[in-house]
Amino acid sequence: MQAILSRLLAIQPPTRRVVKIVFLCLMAIGLVLALLPMDGMGLEFNNRDKLAHAAAFFGFAFLLDLATLRSFWYWKAPLLLSYGAVIEILQAFTPWRSFSVADWAADALGILLYWLVWRGLTHYATAADKP
């Protein structure tokens, strides 16, 4: 586990560029999917779509964290929250989707969960390195 974390923390600029491209492509795909009709996508029961929102934004936060060294709370989290808000606003203008504050809150929860997991893992790795 420590070796994996060490490698993730030491990503070089060429690899970061590749991760940025992957991140941007996945965000574009996410935007398209968010604006398509939901019929038959298998997320109909209860609040399963909230879990999908949280998982997607957990993944986006992970990729963005790998892609850039900028501050998480001053740059990355606001960018991801804005992306989620834009999706919800655009969905309000489609006849088959709707604006949902709960979806946006699930996005925020995914970002927060990523940060908590990453912070916990890096704390574990640095504590294990100390004699």
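Reader: In this predicted model, is Leu36 buried, exposed or partly exposed?
Author: Buried means under 20% relative accessible area, exposed means over 50%, and partly exposed lies in between. Leu36 sits in the loop between α2 (13–35) and α3 (48–67). Its relative accessible area is 37%, so Leu36 is partly exposed.

Reader: Which residues make the nonpolar surface patch of about 560 Å²?
Author: Patch residues need over 30% relative accessible area. Leu36, at 37%, is partly exposed. The patch is made by Val18, Val22, Leu26, Ile29, Val32, Leu33 and Leu36.

Reader: What is the secondary structure of the protein?
Author: From the N terminus on, the elements run α-α-α-α-α. The count is 5 helices and 0 strands.

Reader: Is α2 roughly parallel or roughly antiparallel to α3?
Author: The axes of α2 and α3 are 8 Å apart, and the helices pack at an angle of about 150°. Angles over 145 degrees count as roughly antiparallel. Therefore α2 is, relative to α3, roughly antiparallel.

Reader: How do α3 and α4 cross, left-handed or right-handed?
Author: Helix α4 spans residues 72–92, and its axis comes within 11 Å of that of α3. The axes cross at roughly 140°, which makes α3 oblique to α4. The crossing is right-handed.

Reader: Which residues are linked with Lys50 in a network of salt bridges?
Author: Side chains of opposite charge can pair when their charged atoms come close. Lys50 meets Asp49 in a salt bridge at 3.1 Å, N to O. Lys50 also forms a salt bridge with Asp103, with the closest N and O atoms 2.7 Å apart. The residues linked with Lys50 are Asp49 and Asp103.

Reader: Is Asp103 buried or exposed?
Author: Asp103 belongs to helix α5 (residues 101–129), while its partner Lys50 is in helix α3, 53 residues apart. The relative accessible area of Asp103 is 5%. Under 20% counts as buried, so Asp103 is buried.

Reader: What separates the C-alpha atoms of Asn47 and Ala102?
Author: Asn47 lies in the loop between α2 and α3. At 54% relative accessibility, Asn47 counts as exposed. Asn47 and Ala102 are 55 residues apart along the chain, and their C-alpha atoms are separated by 9.6 Å.

Conventions. Residues are numbered from 1 along each chain as its sequence is written. This is a predicted model: local features need pLDDT of at least 70, side-chain atom pairs count only at pLDDT 80 or more; totals for chains, interfaces and linings use all residues. Side-chain values use heavy atoms; hydrogens and water are left out. Patches are made of residues with over 30% relative accessible area and no salt bridge: like charges are joined within 9 Å, nonpolar side chains (Val, Leu, Ile, Met, Phe, Trp, Tyr) within 5 Å. Accessible areas come from the Shrake-Rupley method with a 1.4 Å probe; for residues, only the protein chains shown count as cover. A salt bridge is a side-chain nitrogen of Lys or Arg within 4 Å of a carboxyl oxygen of Asp or Glu. Helices (H or I, at least four residues) and strands (E, at least two) are DSSP runs, numbered from the N terminus. Buried means under 20% relative accessible area, exposed over 50%, partly exposed in between (1.4 Å probe, protein chains only). Axes are lines fitted to C-alpha atoms, for helices over the stretch in contact, and angles run from 0 to 180 degrees between N-to-C directions. Angles under 35 degrees count as roughly parallel, over 145 as roughly antiparallel, 65 to 115 as roughly perpendicular and the rest as oblique. A crossing is left-handed if the near helix is turned anticlockwise from the far one by less than a right angle, and right-handed if clockwise.
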